[in-house]
Amino acid sequence: MTEHTTCVIAGGGPAGMVLGLLLARGGVDVTVLEKHGDFLRDFRGDTVHPSTLRLLDELGLGERFAALPHSRVDEVALPDVHGDRVVFADLTRLRVPHPYIAMVPQWDLLNLLAEAGEEEPRFTLRMNTEVTGLTRKGRVVTGVRYRDRDGGGGESELRADLTVGADGRESTVRAASGLKPHETKVPFDAWWLRLPRRPEDGIEALQAGAAPGQLAVLIPREGYYQIAYLIPKGSDAERRAEGVRGFGARLAECVPALADRIDTLTSMDEVKFLDVRLDRLHRWHRPGLLCIGDAAHAMSPAGGVGINLAVQDAVAAAGILAEPLRRGHPSVRDLARVRRYRWPTTVLVQGMQQLMHRNVIAPVLEGRRTGPPEAMTGLVKRFPRMTVVPAYLVGVGLRPERTPEFARRP
């Protein structure tokens, strides 16, 4: 069976859903294909930054988002070499409508975007629909092959004037296109887990705990902490062999304030593994095809900016491509504009992440330090107003995108 749409988007994550909604509001027929039956995946990035909060306001979704259960983070703090808490990013200093990072389960955000999409006659979301490959006519990508995971049948085809790969760092679309990313070495992987959060804790900032050879980041959520525990690259199997008791002892040393609840962790099955990558495509497109978000540039969790960049890719792509899509097939030049527009920000952010890896994370995991360089902490302590700079880079970004006029709602 072969069907047709104007734009097919592989992947119902933040980038794919935002792009689909914006293009539909711009008069483009869009179909988003998501391989899972729902958005309920644990330990996805759950940060909604000030720039994304402003986007939701401009889309007319701000009040709906505010009604979702969420917590707010207005500081990013790290321990210095003496174990003292030092604020490195103070978001309250930002002159933006929402000077904080909202912590909300990603499935709630995606469901909100899906509900907004249902209100648009040109928007279609198909769940349980897995993209398996691309269709081509000569060198031009003409759509996707997909499998309906509910029906259990064979493959079908969906032809489109534009195919967008927004299907993450393991992108099927990217692999099928032949586009190959350049990968930069990363010194760590991450374990994700939860521990209970109590009302008397009073921790509202994103904080880190450190001990020789260990680093953990605590993200306050409604009723629990989402914890990223960093481990040396490639050490997952070796560390897991220590068992939950061995890991619990390490974790208590790293975050002693939570030592009284580590026994709630009963199995290493509750500890999820993330293979941390840092890569990017030099070329984001082929004729008829575009990659955005993690499919174009996988980001490290350092700084928590991956979702923000993916959403901004989507906003930029919608602003550039809506009119060409309404006219017909977007040209290769149109697709190249998206990459050219977003490339400088991607390169600069990944460069800053590499600096964080080299100067903060690697020395801690190697046991050479238990915090950032003293010169860095000393500078922040002496000039606290400087904390607005990393707050802006994390919360707003180097090149924030504004919602196209055609997609705005009061």
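Leaving aside neighbours within four places in sequence, which residues is glycine 288 in contact with? The first view takes this up. This is a predicted model, where local features need pLDDT of at least 70 and side-chain atom pairs count only at pLDDT 80 or more, while totals for chains, interfaces and linings use all residues. Residues are numbered from 1 along each chain as its sequence is written, and side-chain values use heavy atoms, with hydrogens and water left out.

**View 1. Glycine 288 in its loop between strands S19 (285–286) and S20.** Helices (H or I, at least four residues) and strands (E, at least two) are DSSP runs, numbered from the N terminus. Glycine 288 is in contact (heavy atoms within 4.5 Å) with Val141, Asp161, Leu162, Thr163 and Leu335, leaving aside its neighbours within four places in sequence. With a relative accessible area of 9%, glycine 288 is buried; that label means under 20%, against over 50% for exposed and partly exposed in between (1.4 Å probe, protein chains only). Valine 332 sits 44 residues apart from glycine 288 along the chain, yet their C-alpha atoms are separated by 7.5 Å.

**View 2. Serine 300 in the loop between S20 (289–291) and H8 (306–327).** Serine 300 is buried too, at a relative accessible area of 2%. Its side chain makes a 2.8 Å polar contact with the side chain of histidine 357. Such a contact is a pair of N or O atoms within 3.5 Å; within protein, one must be able to donate a hydrogen and the other to accept it, and residues adjacent in sequence count only if both atoms are side-chain atoms. A polar atom of the serine 300 side chain also lies 3.0 Å from the backbone nitrogen of alanine 302. Not counting residues up to four places away in sequence, serine 300 touches Phe188, Val276, Arg277, Leu278, Gln353 and His357.

**View 3. H8 against H9.** The two axes come within 9 Å and cross at roughly 160 degrees; axes are lines fitted to C-alpha atoms, for helices over the stretch in contact, and angles run from 0 to 180 degrees between N-to-C directions. H8 and H9 are therefore roughly antiparallel, the term for angles over 145 degrees. Residues that meet here include Leu309, Ala316 and Ile320 in H8 and Leu335, Val338 and Tyr341 in H9.

**View 4. The bend in H9 (residues 332–365).** H9 bends by about 40 degrees at arginine 342, with proline 344 following within four residues. The bend is the angle between axes fitted to the seven residues ending there and the seven starting there. Just after H9, glycine 367 takes a positive phi of about 80 degrees.

Terms used:
Angles under 35 degrees count as roughly parallel, over 145 as roughly antiparallel, 65 to 115 as roughly perpendicular and the rest as oblique.
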